[in-house]
Amino acid sequence: MALNLANHTTSEGFLESILDALEAAVCVTDSSGRIAYVNRTAQSRFAFAIGEKLESLPHPLAAHLAGLVSAGAGSLRHAVFDGTRIEVHRLEKADGTFMLFALAPAGPSSTATGDPRQLAELRFDSEKLNALGGLAAGIAHEINNPLSGCIQSTQLLARALDIVHPITMKRLEEYGIDGERREALSIYIEKRGLANLTDIVYDCSQRISRMVNSLLSFLRLKTFRVEAASAARLAEEALWLAQHDSALKKAYDFRAVRTTIDIPEEFGELLCDSQTVHLALIGLIKTAAVKLHERRQTDPGFEPALRFAGAALDADTGRLLIEPNAPIFGQAEEEALRLAWPPPTTDDDPPWLKWLALARHILADRHPGALCVEIGDDGIGRLAISLPFAKPWERGV
């Protein structure tokens, strides 16, 4: 088939007509993020325009591409953002460095390279995770059933030990226990601290019940849903899930890490999807665990600790801080937080690289939040998460 080139006086014009005919959107920017070229698909689908800076455009994808430009992507990178597959090419020209972005709807294999062996491995991992999830959910349900009986029995026992309760007084009268015998029984219960013991059993059972329900919620498939969530509860549940990760306990001795949660009661609720934020927090905790373990390998006398803290950035934004007691977070971790998801990693890269990239994707791409490394006055870096506070009407108040 012959092409009629009569209307194309230059090769550039011919190339431009080809790019305009593509279903994929094409965008080229200079090193500052200013758009130097867009094809018709990019104009119509994302409202990109030549001469505009990516960071000033309203489409959420534009801000993500601006981050890739500022991070200086490599010669070729694949990423996925909000259902859009991104291919990034870095172009070195005589008049400067340019970034070419090819944007298309993400397919079901958007995170794979196309290698049949890798696809088979991904399918195997997916099936294995599904099986493990079903097993964990089944065990959690089995724990919940007897636990409900424990909680109910403890409540009945507490009432039975309260001898001034009307029902208990009636039973004591039926059994002929009154006067001095009732007083002696009351003294015995008080001296032995039986009422306090039932309170302890009840509180522990309730805590186990909350944790089991958190595990079930984490395992349960559900759609992305933004709602008000307690920052302290998010930290507590993510920490509990991480503490019961067998790999962290065996490979990195996470049980040796002293953990504390210092989030004041007056700290407001955060607006987020709790399930995906749990996933992000677990990745950050695992990263800290690996780094603290590495520190212990070089300093056997080091006693690792990890602290969760909460602070308001302003009236609309809350900050959740993950603070280790050693300088384990720095430039390498900050660079990892600039990677698009999924990151272009190899088998030689540390596992925390993916954990940090996923956490940033969840908090900054899927939420109106941010994640960064902050270096304090003591030289110790901490992970800082920013998420909007829930308004009163969003808390159901």
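Author: Two strands count as paired when DSSP finds at least two bridges between them. The model discussed here is predicted.

Reader: In what order do the five strands form the open sheet?

Author: The sheet has mixed pairing. Its edge strands, each pairing on one side only, are β7 (258-262) and β11. Read across, the order is β7-β9-β10-β12-β11.

Reader: Which residue of β9 is the bridge partner of Asp 262?

Author: β7 covers residues 258-262. Five bridges join β7 to β9, in the parallel sense. In β9, the partner of Asp 262 is Ala 309.

Reader: What angle does the direction of α8 make with that of β7?

Author: Neighbouring strands of the sheet are turned against each other by 20° on average, direction ignored. α8 packs on this sheet and touches β7, β9 and β10. Between the directions of α8 and β7 the angle is about 165°.

Reader: And at what angle to β11 does α12 run?

Author: α12 lies across two strands, β11 and β12. Relative to β11, α12 runs at about 125°.

Reader: Which element gives the largest share of the largest nonpolar core?

Author: That core has 52 residues, and Phe 254, Leu 281 and Ile 285 are among those with the most contacts inside it. Elements giving two or more residues include α8 (231-243), β9 (305-312) and α10 (274-298). The largest share, ten residues, comes from α10.

Reader: Which residues does Ile 285 touch, not counting those up to four places away in sequence?

Author: Ile 285 is one of the residues with the most contacts inside the core. With residues up to four places away left out, Ile 285 touches Ala 238, Leu 239, Ala 242, Phe 254, Leu 306 and Phe 308.

How values were computed: Residues numbered from 1 in each chain as written. Predicted model: local features only at pLDDT ≥ 70, side-chain atom pairs only at ≥ 80, totals over all residues. Heavy atoms only, no water. Core = buried A, V, L, I, M, F, W, Y, C linked by side-chain atoms within 4.5 Å. Buried < 20%, exposed > 50% of the residue type's maximum accessible area, 1.4 Å probe, protein only. Helix = DSSP H or I, 4+ residues; strand = E, 2+ residues; numbered from the N terminus. Contact = heavy atoms within 4.5 Å. Axes fitted to C-alpha atoms, helices over the stretch in contact; angles between N-to-C directions.
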